[in-house]
Amino acid sequence: MRIDKWLWYARVTKSRSLAQKLATTGHVRINRDKISFASKTVRIGDVLTIALERRVLVLKIAGLGSRRGPFEEARKLYEDLSPPLPPKKELPPPAPGQREAGAGRPTKRDRRKMDAFRSES
């Protein structure tokens, strides 16, 4: 089976054209060999290393599949050998006068409180 078709069947990518692009840009390795075209064939037992945006997937092919089915069906096509994600670091609480990340712009009232806090020190 073609690598792009398998990536699509296994729900690694959202569309087959994205799977083709992933394969042709060199982000996929089959048994540690980098591939440069989407028509490379894969077999049961091959190990794929896929470099995605924020993580690296290591998948061992357990089945080829015959269609793009639901997630439960797609999950049976591979065995996940990926390394575990590193634990997220907890950020210390924000210092006085600072907002938490993503809290948005301060309101006029917040700015007045910050100015009052700064003038006290």
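Guide: Buried means under 20% relative accessible area, exposed means over 50%, and partly exposed lies in between (1.4 Å probe, protein chains only). Helices (H or I, at least four residues) and strands (E, at least two) are DSSP runs, numbered from the N terminus. This is a predicted model: local features need pLDDT of at least 70, side-chain atom pairs count only at pLDDT 80 or more, and totals for chains, interfaces and linings use all residues. Residues are numbered from 1 along each chain as its sequence is written, and side-chain values use heavy atoms, without hydrogens and water.

Visitor: Which residues of helix 2 are buried?

Guide: Ala19, Leu22 and Ala23 are the buried residues of helix 2, which spans residues 16-24. Their arc around the axis is only 95°, so they sit on the same side of helix 2. That arc is taken from the directions from the helix axis to the C-beta atoms.

Visitor: Why do residues three or four places apart point the same way?

Guide: An α-helix has 3.6 residues a turn, which is why.

Visitor: What do the buried residues of helix 2 pack against?

Guide: They pack against helix 1 (3-9), strand 1 (28-30) and strand 3 (47-51). Contact means heavy atoms within 4.5 Å.

Visitor: How many aromatic pairs are there?

Guide: Rings of Phe, Tyr and Trp (its six-membered ring) pair if their centres lie within 6.5 Å; planes under 30 degrees apart are stacked, over 60 edge-to-face, the rest tilted. The count is two. Trp6 and Tyr78 pair edge-to-face, at 6.3 Å centre to centre and 75° between the planes. Trp6 lies in helix 1 and Tyr78 in strand 5 (residues 78-80), so the pair ties together parts 72 residues apart in sequence.
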